[in-house]
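User: I have a model open and want a quick tour. Can you walk me through it?

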Amino acid sequence: MRGYFAVGAEGLSKRMNLGTLMRSAHAFGANFFFTVDADKKLRGAPPSDTSKSPGHLPVFNWDSVDTMDLPRGCQLVGIELTDDSIDLPSFGHPLQAAYVLGPERGSLSPHMIERCDHLVKIPTKFCINVAMAGAIVMYDRHRALGRYADRSLTAGGPKMERPEHVSGGPVMRSGRKVPGT
C-alpha cells in the first residue's frame with residue numbers, strides 16, 4: 001500500500017480502548033500512533049495491547065491540539081458524527097493521513113475539528129466504541145488503497161485474481177542516461 005498513515009485519539013480516558021486501538025493500528029500497519037490530551041495514566045501501552053505495539057511503531061503523546069506535530073503533507077482526518085462529515089464509504093483516503101478519533105462519551109474538541117483537513121463519519125445509527133471505530137476506518141483505508149481484486153457483484157469471492165504489480169520505466173532527470181539502456 002502506498003503512502004503512510006497514523007491513528008490517534010483526543011481525550012481518551014479508558015486504558016482498554018487505548019490498548020485495543022493501539023493493537024489494531026499495529027495490525028493494520030500504521031506508521032505511528034498518537035494521543036492528544038489523554039489522561040496522564042494512559043502514557044504507556046495497556047495490557048489490552050497484546051501485540052506490544054510501542055515496540056513496533058512510534059507512539060506520540062501530545063498535551064494539546066496546538067502541540068501536535070504531524071509530518072509535513074500529512075492530512076488530519078477527524079472521525080466524527082457531524083452533518084458536514086463525509087460518509088466513510090464515499091471518502092477518498094489521502095496517501096499521507098493521520099486519523100483522529102474523539103474520546104469516550106464525547107466528541108472531538110472544536111479546536112481539533114478546526115484543525116482537521118477532512119471530517120468523516122461511519123454511517124451507523126449511533127456512536128460506536130472508539131476502538132471499534134478506529135478499526136473500521138483502518139479497514140476501509142486498507143480496502144480502498146490496498147491492491148485487491150474488485151469486489152464481486154454477487155455473493156462469494158472475486159472472479160478475477162489480484163492484478164500483478166507493473167513497474168514503470170525509470171524517471172529521467174536532466175537528460176541523464178541510465179547505464180545499460
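What follows is a short chat about the fold, the cores, the aromatic rings and the pocket.

Analyst: This is a predicted model, so to read it: local features need pLDDT of at least 70, side-chain atom pairs count only at pLDDT 80 or more, and totals for chains, interfaces and linings use all residues. Residues are numbered from 1 along each chain as its sequence is written, and side-chain values use heavy atoms, with hydrogens and water left out.

User: How many helices and strands does the protein have?

Analyst: Three helices and seven strands. Helices (H or I, at least four residues) and strands (E, at least two) are DSSP runs, numbered from the N terminus. Along the sequence the pattern reads β-α-β-β-β-β-β-α-β-α.

User: What share of the residues is buried?

Analyst: Buried residues make up 38% of the 181. Buried means under 20% relative accessible area, exposed over 50%, partly exposed in between (1.4 Å probe, protein chains only).

User: Which residues have the most contacts inside the largest nonpolar core?

Analyst: Val7, Leu21, Phe33, Val77, Ile79, Tyr99 and Leu101, in a core of 25 residues. A nonpolar core is a set of buried Ala, Val, Leu, Ile, Met, Phe, Trp, Tyr and Cys residues joined through side-chain atoms within 4.5 Å. E1, helix H1 (15-27), strand E4 (75-79), E6 and H3 each give two or more residues to this core. H3 supplies the largest share, five residues. Apart from this core lies another, of 16 residues, including Val36, Val100, Cys116 and Leu119.

User: What does Leu101 touch?

Analyst: Leaving out residues up to four places away in sequence, Leu101 touches Val7, Gly8, Ala9, Glu10, Leu21, Ile79, Leu108, Val130, Ala133 and Gly134. Contact means heavy atoms within 4.5 Å.

User: And Ala131, buried or exposed?

Analyst: Buried, with a relative accessible area of 4%. Ala131 lies in helix H3. With residues up to four places away not counted, Ala131 touches Asn17, Thr20 and Leu21. The C-alpha atoms of Ala131 and Leu18 are 7.2 Å apart, although 113 residues separate them along the chain.

User: Switching to rings. How many aromatic pairs are there?

Analyst: A search of the whole structure finds five. Rings of Phe, Tyr and Trp (its six-membered ring) pair if their centres lie within 6.5 Å; planes under 30 degrees apart count as stacked, over 60 as edge-to-face and the rest as tilted. Phe5 and Tyr99 form an edge-to-face pair, 6.4 Å centre to centre with 70° between the planes. That pair links distant parts of the chain, 94 residues apart: Phe5 sits in strand E1 (residues 4-10) and Tyr99 in strand E6 (residues 96-101). Both Phe5 and Tyr99 are buried.

User: Last topic. What lines the largest pocket?

Analyst: The lining has 22 residues, and Gly106, Cys127, Ile128, Val130 and Ala133 lie nearest the centre of the pocket. Strand E7 (118-121) and helix H3 (130-145) are the elements that give two or more residues to this lining. A pocket is an open set of points on a 1 Å grid over the protein atoms alone, where a 1.4 Å probe fits, with protein on both sides within 12 Å along at least five of seven lines; lining residues have an atom within 4 Å of a point.
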